Amino acid sequence: MKPMTANDRLLVVDDEPDLRTLYELTLLREGYSLVSAETVAEALALLQSERFAVVITDMRLPDGSGLDLLAWLEQQGRNERAIVITAHGSAENAVEALKAGAFDYLTKPVDLRQFRSVVATALGREPGRPAPRREEAAPRTSSSSGALARLAGRSPAMEQVRELIRKVGRSMAPVLLQGESGTGKELVARAIHGEGSRASQPFIAVNCGAIPEQLLEAEFFGYRKGAFTGASEDREGFFQAAQGGTLFLDEIGDLPLAMQSKLLRAIQERSVRPVGAVSETPVNLRLLSATHKDLAAEVQAGRFRQDLYYRLNVIQIRVPPLRERLADLPDIGTSLLERIARDAGVHPVPRLSPGALARLSAYAFPGNVRELENVLHRALALSGASELQAEDLDLPDCVSGEDSAFGGLAPLGQPAAAAAEEEAGLPLDLTQYLDEVERRVLLRALAEYRFNRTAAGARLGLSLRQMRYRMARLGIQVDDGEARDAG
Ligand SMILES: Nc1ncnc2c1ncn2[C@@H]1O[C@H](COP(=O)(O)OP(=O)(O)OP(=O)(O)O)[C@@H](O)[C@H]1O
């Protein structure tokens, strides 16, 4: 028997005697203590007299629904985590329950292995492992998350994002993060993970747009030795790597339709089958996804599966572009400067002069916080003073629209020189000249496709491999959607 505390008691609500007995036996065998109810009224009476760790409820009850219990828990500000059991194939119910604050859901017929695993997760235990001792348990206070603390900015828009992070951190509901490139979606995803009960478990971030289509299945679900040429040993995929924790699928809108179907299946079945394997592996993880695209429009256009969209978009958090929250500039600027200076070993951390701040406020930041980071990086490297001035930022006077994404982000060596040579006739050094032209074209394509190398390459008729090669040769680096011209 695993050690129990008074707080580990469970409440099971189901009017079907057979199912109730099945749940009770399963839970008792796991060593939990529990009480059961048959109706909403009975459950409410028990909840009023006692606190539980987890409430497991059927969706359909004789005198109401599981949602009534969720609403009551929410209204009373209670901490019980709710697991809702929904009828088979009723995705609507599952989504509704998660939106109403359920921690997680299960579909009928309930797979008992899954049942045990979901209950263990709700109790903050790893399935099959004893409950963590107090000091081992993941920190749970709201200020505990490193990522949440890193998220600077006090504008109303950011406060709202922060509040949502804290709220959704408590459940297992999928969250879709929508926002332009560089707005901080990954940081928000990390903060959600950090706020949850599985903060100490893995957080696996995947850029869907950066994986060649033919490798997607193997990368996502893993493969068995001999599954294909080159598969010399078993390898786990992202799903297995994120087991017990969070899988963050960035640029989900770039996932090809065939892979969307496989992902949907994995979500519905909560299991994956590695390429070349005969059996499925159960997975227990939280799925977060992000996109800069308008996914609803992608659904309309037939490029994104509606059912998958529905599953991923249970809760949506919009991360606003930086230009919509300019009030955050001083905070974010200071926080970025602190990080950059620390990484570079610069003391003391340079400040932003009022002039520099004014200059930043006048800029449109098409590349959002990531672009601000690049600008400050460059300014700090070039200035060396304790206060950065407007001139140090090297921002174009007036920028807007497409051009700014390019011009503002990465100065292109001497494009003017190359252009002048074009006018003047033959270049002095053909290799250097062609490199310069190539560099400009690559950077422009990267900026146009939000630094997605696969898409930018495709636009230029290059494979991802060719794109990588050319970028490496010219010293252009892209890290998770950011381009740096190291040349
Ligand atoms: N509010 C913020 N405070 C401090 N740093 C931030 C904030 N928002 C974003 N950043 C930083 O800006 C950079 C870009 O953020 P992030 O990678 O999360 O953006 P993204 O929206 O996921 O970008 P992409 O769509 O290109 O993947 C990161 O270094 C991140 O730490």
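Which residues of strand β1 (residues 10-13) are buried on one side, and which on the other? Leu10 and Val12 are buried on one side of β1, and Leu11 and Val13 are buried on the other, so that both faces of the strand are covered. The model is a predicted one. Its chain has 487 residues, of which 40% are buried, and its secondary structure comes to 21 helices and 18 strands. Among the contacts in the chain with a separation of 6 or more, 70% are between residues 24 or more positions apart.

**Strand β1 and its partners**

- In a regular strand, side chains alternate between the two faces of the sheet. In β1, Leu10 and Val12 are on one side, with Leu11 and Val13 on the other.
- Strand β2 (residues 34-37) pairs with β1 in the parallel sense, over four bridges.
- Within that pairing, Leu10 has Leu34 of β2 as its bridge partner, and Val12 has Ser36 of β2.
- Strand β3 (residues 54-58) also runs parallel to β1 and is joined to it by four bridges.
- In β3, the residue opposite Val12 is Ile56. Val12 thus has a partner in β2, Ser36, and stands opposite a residue of β3, Ile56.
- Helix α1 (residues 17-29) belongs with β1 and β2 to a β-α-β unit, which is right-handed.

**The sheet that contains β1**

- The strand order in this open sheet of five strands is β2-β1-β3-β6-β7, and the pairing is parallel.
- Its edge strands are β2 and β7 (104-107), each of which pairs on one side only.
- On average, neighbouring strands of the sheet are turned by 20° against each other, with direction ignored.
- Helix α5 (residues 112-122) lies across β3, β6 (81-86) and β7, and it runs at about 170° to β7.

**The sheet that contains β8**

- Another open sheet has five strands in the order β9-β10-β13-β8-β14, with parallel pairing.
- At its edges are β9 (203-207) and β14 (315-318), and each pairs on one side only.
- Neighbouring strands in this sheet are turned against each other by 20° on average, direction ignored.
- Strand β8 (residues 175-178) pairs with β14 over four bridges, in the parallel sense.
- Leu177 has Ile317 of β14 opposite it.

**Packing of helices α14 and α15**

- The axes of helix α14 (residues 329-344) and helix α15 (residues 354-361) are 11 Å apart, and the two helices pack at an angle of about 115°.
- Angles of 65 to 115 degrees count as roughly perpendicular, and α14 and α15 are therefore described as roughly perpendicular to each other.
- On the α14 side, the contact is made by Leu329, Pro330 and Gly333; on the α15 side, it is made by Leu357, Leu360 and Ser361.
- The crossing in which α14 passes α15 is right-handed.

**Gln306 in helix α13**

- Helix α13 (residues 306-312) includes Gln306.
- Is Gln306 buried, partly exposed or exposed? Gln306 has 13 other C-beta atoms within 10 Å. A residue counts as buried at 20 or more and as exposed at 12 or fewer, so Gln306 is partly exposed.
- Gln306 and Ala296 are ten residues apart along the chain, and 8.2 Å separates their C-alpha atoms.

Technical notes: Residues numbered from 1 in each chain as written. Predicted model: local features only at pLDDT ≥ 70, side-chain atom pairs only at ≥ 80, totals over all residues. Pairing = 2+ DSSP bridges. Right-handed = clockwise from strand over helix to strand, strands pointing away. Axes fitted to C-alpha atoms, helices over the stretch in contact; angles between N-to-C directions. Parallel < 35°, antiparallel > 145°, perpendicular 65-115°, else oblique. Left-handed = near helix turned anticlockwise from the far one by under 90°. Contact = placed C-beta atoms within 7 Å.
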